[in-house]
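Please look at the sequence and the structure as I bring them up.

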Amino acid sequence: MRMSRYFLPILKETPADAQIVSHRLMLRSGMIRQASAGIYSWLPLGYRVLQRIERIVHEEQIRVGHNPMLMPTLQSADLWRESGRYDDYGEEMLRITDRHGRDMLYGPTNEELITDIVRSSVQSYRDLPLTLYHVQWKFRDEVRPRFGVMRGREFLMKDGYNFDVDRESAIHAYNRHMVSYLRTYERMGLKAIPMRAETGPIGGDHSHEFLVLAETGESAVFFDSRILDLSLGGRDVDTDSSEDCAAVFEAWTAPYARTDETHDPAKFEAAVPEDRRMNSRAIEVGQIFYFGTKYSEPMDARVVNEDGDRVFVHMGSHGIGVSRLAGAIIEASHDERGIVWPESVAPFHLGIVNLKQGDGDTDSASERIFARAGAAGLDALYDDRNERAGPKFATMDLIGLPWRITVGPRCLRAGMVELTCRRTGETDELEPDAAIERVRLSCHGP
RNA sequence: CGGAGUGUAGCUCAGCAUGGUAGAGCACUGCCUUCGGGAGGCAGGGGCCGCAGGUUCAAAUCCUGCCACUCCGACCA
């Protein structure tokens, strides 16, 4: 993409309304624009990030055998009356009446809709276990939206639902989700800690939230520092094996880790030596639930089991805040100059800065690098504006692309360009093809 | 939902106490100089001063109502 043709409305000054760093940087870098309280437009740069996050979420869901689909944003109130939540959910649910006077709602979640789909299509335990999910916009009419996309009213969420014949199978689904979520967050460069959670309006008796440590987080968290040492890394977990998933669950839930909602100071002190007791703020980026037959009973979702009995299906639901993750990643990865994107979610892999736009040599060298980068499978943002060096560097730093290739007359005389790593600031002089190859290796591997 | 604020150019803000031709910086347009970390000069363009009433010869400014947005708290898969 050529910057001269890209819509990148960056701001030099910080908008007055933005309180936290991710909100400020998303506005300044032209990723988002507020449409109304808690509702945002995603501008081209932000949309790229959102799509890359969403794609990782999909890949990790599909990897463990879950079925992608898409449910509507608007739902009929009837299903919610059936489950009893139409009255229970409260003011957070945006209720709408259509032209025929029918009660509708903008979905805050999809347990009812998915249960309705499954109960009419699945009659036998032979069709289970089954996990369906989608990534769709949700609306929750928060009393007080704030912090940009971190607590918006309209937000993009991946929500998934598992259906199992009994509790044992559903617990496997629960543990499998924990494995899958841990890997999802790790791919985004985040250290997300599972913490025992309250179940809230979703209900159920078994739930963990995933929290990313950040000063500006809305939750207070208490944990054993040992949990920070855990990492899936390249470990190959067989997610079809309930033993393998349970082992991961055990490993990640053994160290004490709770939010202020479930924190038990006495237990904390008894279980964790003082030098490992940590407390911090954190951002919730996902949650998993097992809630048994909470929805299948009122909605009469049953299957015939091996013994020929009609039994209520056991269910769980699982969510990842896709749009919130864009903010959370920035909270976890930025410096005084701007965003520092992890390669996996960066809007472009690299930026190309032509320091002397209009000069035949730097223009042709920059164009050639831009073309080569594309051929190497890299998304590059080529700053071909007729600007001075200062604004060009400042823009690249602000939008936080992992790599920058600087093409200037000084180095070019020796046939070299500069390759700069956004995270470390390290700069090397290399031949153009070598610079591209290094970026390609870093982003795509050998 | 309680409490506190703010709405003036695309952005950040001044002007409002004491009513009298709507301002600055950045951004934008043109020309010139500059050219490896947010340059400088000159000349321009851009506003229903959130909306609606009221007071007044005269309202961005005073009064009333409404709307929007923000902050603190409560709330929050």
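The C-alpha centres of domain 1 and domain 2 lie 37 Å apart. Domain 1 covers 3-338 and domain 2 covers 348-444 of chain A, with bounds that come from an automatic or database domain assignment. To the contact between them, domain 1 brings 15 residues and domain 2 brings 15 residues, where contact means heavy atoms within 4.5 Å.

Let me state the conventions. This is a predicted model, in which local features need pLDDT of at least 70 and side-chain atom pairs count only at pLDDT 80 or more, while totals for chains, interfaces and linings use all residues. Residues are numbered from 1 along each chain as its sequence is written, chains are lettered from A and ligands numbered from 1 in the order in which they are written, and side-chain values use heavy atoms, with hydrogens and water left out.

I turn to the interface. The size of an interface is often given as the accessible area lost when the parts come together. Domain 1 and domain 2 bury about 1400 Å² between them, and 60% of that lies on carbon and sulfur atoms; buried area here is the accessible area (1.4 Å probe) that two parts lose on being put together, summed over both. Which three residues supply 43% of the area that domain 1 buries against domain 2? They are Met3, Arg48 and Arg337, which supply more than any other three residues.

Three salt bridges are counted between domain 1 and domain 2, a salt bridge being a side-chain nitrogen of Lys or Arg within 4 Å of a carboxyl oxygen of Asp or Glu. The side chains of Asp335 and Arg422 also meet in a salt bridge, at 2.7 Å from N to O. Seven residue pairs are in polar contact between domain 1 and domain 2, both residues at pLDDT 80 or more. A polar contact is a pair of N or O atoms within 3.5 Å; within protein, one must be able to donate a hydrogen and the other to accept it, and residues adjacent in sequence count only if both atoms are side-chain atoms. Helix 1 (21-28) and helix 2 (44-63) are the elements that give two or more residues to the side of domain 1 that touches domain 2. Helix 2 gives the most to that side, with three residues. Helices (H or I, at least four residues) and strands (E, at least two) are DSSP runs, numbered from the N terminus.

Next, strand 8. Ten of the eleven residues of strand 8 (residues 154-164) are buried, so strand 8 is largely enclosed by the rest of the structure. Buried means under 20% relative accessible area, exposed over 50%, and partly exposed in between (1.4 Å probe, protein chains only). Strand 8 pairs in the antiparallel sense with strand 7 (residues 130-139) over ten bridges, and with strand 16 (residues 314-321), again antiparallel, over eight bridges. Two strands pair if DSSP finds at least two bridges between them. His134 has Asp159 of strand 8 as its bridge partner, and Lys158 stands opposite Ile320 in strand 16.

Finally, one lysine. Is Lys138 buried or exposed? Lys138, in strand 7, is buried, with a relative accessible area of 1%. Its side chain reaches the backbone oxygen of Gln136 at 3.1 Å, and a polar atom of that side chain lies 3.5 Å from the backbone oxygen of Met157.
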